[in-house]
Amino acid sequence: MSLKNKHILLGITGGIAAYKCAHLVRLFIKEGAIVKIVMTKASEEFVTAKTLSVLSKNEVVTDFFDSNNNWNNHVALAEWADAIIIAPLTANTLAKFATGICDNIVTACYLSARNKVFVAPAMDLDMYQHPSTTKNIETLQKFGNIVIPAESGELASGLNGEGRMAEPEHIIQYVKQYFENNLPLTGKKVLVNAGPTYEAIDPVRFIGNRSSGKMGVAIADEFAKLGADVTLVLGPSNQYPQEKSITVIKVESADDMYNACISKFETVDIAVLSAAVADYKPKNISDSKIKKKESEFSIELIKTKDILETLGKHKKNQLLIGFALETNNLIEYAKDKIARKNLDFIIANSAIEKGSGFGVDTNKISIIDKHNNLYNFELKSKQDVAKDIVDFAINYLKNS
Ligand code: CTP
């Protein structure tokens with residue numbers, strides 16, 4: 001995973017390794033993170049606020065007040081951060097963190113932290129080995145901070161040994177690993193179906209529909225990005241998920257899709273049925289290509305099994321989410337489907353509204369839950385709609 005849109009607050013203290021923060025900031029930006037920086041006066045001897053401001057594309061805070069005497073709100077900064085990284089962490093600031101001393105903007109942000117704090121100590125060999133350093137590091141670990149151990153190598157003093165700040169690449173790895181292990185859907189199993197189905201008439205012809213599968217594939221990707229173990233049952237579509245962790249089961253007919261979904265349902269926590277499953281299929285499939293003869297030709301159709309309705313009947317603790325695609329009476333029909341198919345909530349979208357429905361890259365949805373609460377969303381890209389749907393599911397799980 002990347003650190004896309006993650007809020008990173010970098011706190012820099014006064015060690016020679018502070019010069020490496022220029023590279024560290026670049027790496028965070030490359031990962032898609034939004035970076036803000038606070039630094040101590042001492043650290044400005046080693047790297048300039050200007051350099052860091054240009055690289056982070058944000059103002060750098062060096063004091064409780066700026067040059068116009070405006071107060072820099074350290075509480076708001078700490079609250080903004082999804083993670084606080086203190087690099088390099090000097091022996092002096094380490095001791096302040098361990099004892100709660102608050103005498104500069106970095107220590108104030110540290111004490112105000114709401115989310116995870118990572119520290120990358122950097123000091124000379126003997127300082128790093130001193131029992132008070134060891135004790136202070138253990139204290140920070142007890143506080144729940146993640147200590148990124150100092151690395152071995154040549155030190156500013158000329159000595160060789162442990163004490164160098166971890167390389168920026170390694171710091172990034174620690175932060176990425178943390179977010180990966182703490183995704184909101186880690187451990188959850190999700191089933192998504194997507195795309196159209198093809199109902200064979202003969203070996204060369206079928207009855208299908210115009211579904212592209214884009215919406216369902218985007219939903220599967222979004223669940224996987226947030227840590228879920230996703231199985232995607234995908235009808236004949238040229239779309240494919242980006243997330244490598246997704247198990248894709250390719251199917252063609254409504255019957256195949258039914259079998260694949262039923263066999264998975266019992267083991268999942270969440271099921272989203274976005275596929276445009278054919279409602280009818282030919283009663284008989286011809287073994288050979290049907291030749292044209294008469295001026296009129298009809299095919300006898302029979303109903304397919306309703307996958308969602310069947311899952312609704314088997315449902316135990318799963319969160320069951322359906323789709324309603326309509327040309328008219330959207331909300332009314334959607335509400336009826338929630339009850340009929342025993343859903344937790346349904347995503348209603350119009351087949352005829354501009355920018356919505358089949359084939360296009362955008363969608364405009366409403367979500368209706370089983371208590372008849374209605375939530376309307378703006379027209380958005382299908383990726384952003386997928387985010388809204390997954391966020392809604394996460395909040396729904398939290399509140400139920
Ligand atoms: N669905 C399904 N199996 C079917 C038909 C539909 O699982 N054989 C699911 C769709 O994936 C969707 C929901 O049911 O999540 C609603 O599909 P839709 O075609 O809008 O509704 P239908 O129940 O088929 O009702 P109608 O065609 O009368 O609107």
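The questions and answers below concern the ligand site, the aromatic rings, some side-chain contacts and the backbone.

Biologist: Under what conventions are the residues numbered and the features counted?

Modeller: Residues are numbered from 1 along each chain as its sequence is written, and side-chain values use heavy atoms, with hydrogens and water left out. The model is predicted: local features need pLDDT of at least 70, totals for chains, interfaces and linings use all residues, and side-chain atom pairs count only at pLDDT 80 or more.

Biologist: Which residues come nearest to the ligand?

Modeller: A residue is near a molecule or strand if one of its heavy atoms lies within 4 Å of it. Around the ligand there are 16 residues, and those that come nearest are Leu273, Ala275, Leu308, Lys337 and Lys341.

Biologist: Which element gives the most residues to the shell around the ligand?

Modeller: Helices (H or I, at least four residues) and strands (E, at least two) are DSSP runs, numbered from the N terminus. Helix H11 (307-314), strand E17 (319-326) and helix H12 (330-341) each supply at least two residues of the shell. The element that gives the most, with four residues, is E17.

Biologist: How many residues of the shell around the ligand are charged?

Modeller: Ala, Val, Leu, Ile, Met, Phe, Trp, Tyr, Cys and Pro count as nonpolar, Asp, Glu, Lys and Arg as charged, and the others, Gly among them, as polar. By class, the shell has eight nonpolar and two polar residues, while the number of charged residues is six.

Biologist: At what distance does a backbone N or O atom of Leu308 lie from an oxygen atom of the ligand?

Modeller: A polar contact is a pair of N or O atoms within 3.5 Å; within protein, one must be able to donate a hydrogen and the other to accept it, and residues adjacent in sequence count only if both atoms are side-chain atoms. The side chain of Asp306 places an N or O atom 3.5 Å from a nitrogen atom of the ligand, and that of Asp279 places one 3.0 Å from an oxygen atom of the ligand. For the backbone atom of Leu308, the distance to a ligand oxygen is 2.8 Å.

Biologist: Why is the pair of Phe345 and Tyr396 classed as it is?

Modeller: Rings of Phe, Tyr and Trp (its six-membered ring) pair if their centres lie within 6.5 Å; planes under 30 degrees apart count as stacked, over 60 as edge-to-face and the rest as tilted. By this rule there are eight aromatic pairs. In the pair of Phe345 and Tyr396 the ring centres are 5.4 Å apart and the planes stand at 55°, so the class is tilted.

Biologist: How many residues apart in sequence are the parts that this pair ties together?

Modeller: Both Phe345 and Tyr396 are buried (under 20% relative accessible area; exposed is over 50%, partly exposed in between, with a 1.4 Å probe and protein chains only). Ring pairs also link these two with Tyr375 and Phe392 into a cluster. Because Phe345 lies in strand E18 (residues 345-350) and Tyr396 in helix H13 (residues 382-399), the parts tied together are apart in sequence by 51 residues.

Biologist: Which residue has a side chain in polar contact with that of Ser366?

Modeller: Ser366 is in strand E20 (residues 365-369). Its relative accessibility is 9%, so Ser366 counts as buried. A polar contact of 2.7 Å joins its side chain to that of Asn376.

Biologist: Is Asn69 buried or exposed?

Modeller: Asn69 is found in the loop between strand E3 (60-61) and helix H3 (74-80). Its phi is positive, about 65°, although Asn69 is not a glycine. With 64% relative accessibility, Asn69 counts as exposed.

Biologist: Which residue does a cis peptide bond join to Ala87?

Modeller: The bond has an omega of about -10°.
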